[in-house]
Amino acid sequence: MTLETGPPLVANAGIGVHGINTAVDVFRLPDLWQLHLYSYHAAFAADGVWHDLRPGTVSLVPPGTKVEFRYRGRSEHLYVHFAMPGSRDPFVGDAGPALQILRELLLDAVAAFPTSPNRSAAAVWAALWRVSDLADAGTATPRNPVVAAVVRRIEERLAEPLVVAELARFAGVSHNQLTRLFHEHVGDTVVGYIASRRMARALHLLQASTLSVTAIAASVGIPDLQAFNKTCRKAFGASPRALRQSRSR
């Protein structure tokens, strides 16, 4: 599954009601992914690997996977069937703190699907990012929570002065520990990451907006125009004005 390619193409979304006429379902969707959020207890297998379902469990199953459900009476779940490039192993796990937002996103997708498929796809896409985070958290190399918290802090406060020691205190770790974690999980220093994010945002605003160079410099935390000009030349080999003109050409 390649989330970076854009929203999925939703084929169907709804609330599935099962376990009424039969206690077992076995089937495949040859060309479509399945995303389910469960509100019941049951047994579930994806390609022969069994899992216990309970309220709050989420599953993401790639196309062509044989799935089997063994119900314990009437069973309802939110579901989305969609097309999207890429592949991955089936994921089954507890939604945890993401449960409420996942439920809201999928309910929005279900409600929007008949009349606004683009809105439905946008809600499913947002849900898939949440599920992707859940799946990553269960791998052998999980996303580090300290790094995730600091990255979010940086994105939220890119226009403000950012000091590594203060970011470390915010995350509850030492300066050296934060530096080590960034090298391990990001492949860059904290200072290097901040600089690259500032320049990426500056380039976007220079080429996609009519904001003044002064306003852009301030919005990425480099209010001194001389310093901003020098940083742009170092990062892109051109001045802010030249970068803006290159887009217009």
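Helices α6 (190-208) and α8 (225-236) each contribute at least two residues to the lining of the second largest pocket. Helices here are DSSP runs (H or I, at least four residues), numbered from the N terminus. The model is predicted, so local features need pLDDT of at least 70 and side-chain atom pairs count only at pLDDT 80 or more, while totals for chains, interfaces and linings use all residues. Residues are numbered from 1 along each chain as its sequence is written, and side-chain values use heavy atoms, without hydrogens and water.

The pocket has a volume of about 190 Å³. A pocket is an open set of points on a 1 Å grid over the protein atoms alone, where a 1.4 Å probe fits, with protein on both sides within 12 Å along at least five of seven lines; lining residues have an atom within 4 Å of a point. The volume is the space filled by probe spheres set on the points, which are joined across faces, edges and corners. Helix α6 gives the largest share of the lining, five residues. The lining includes Val191, Arg198, Ile222 and Lys234. By class, five lining residues are nonpolar, one is polar and two are charged.

Helices α3 (residues 145-156) and α4 (residues 164-171) have axes that come within 10 Å and cross at roughly 125°. Helix α3 is therefore oblique to α4. Axes are lines fitted to C-alpha atoms over the stretch in contact, with angles from 0 to 180 degrees between N-to-C directions. In α3, Val146, Ala149, Val150, Arg153 and Ile154 meet Leu167, Phe170 and Ala171 of α4 (heavy atoms within 4.5 Å). Seven of these contact residues are nonpolar, none is polar and one is charged. Ala, Val, Leu, Ile, Met, Phe, Trp, Tyr, Cys and Pro count as nonpolar, Asp, Glu, Lys and Arg as charged, and the others, Gly among them, as polar.

Terms used: Angles under 35 degrees count as roughly parallel, over 145 as roughly antiparallel, 65 to 115 as roughly perpendicular and the rest as oblique.
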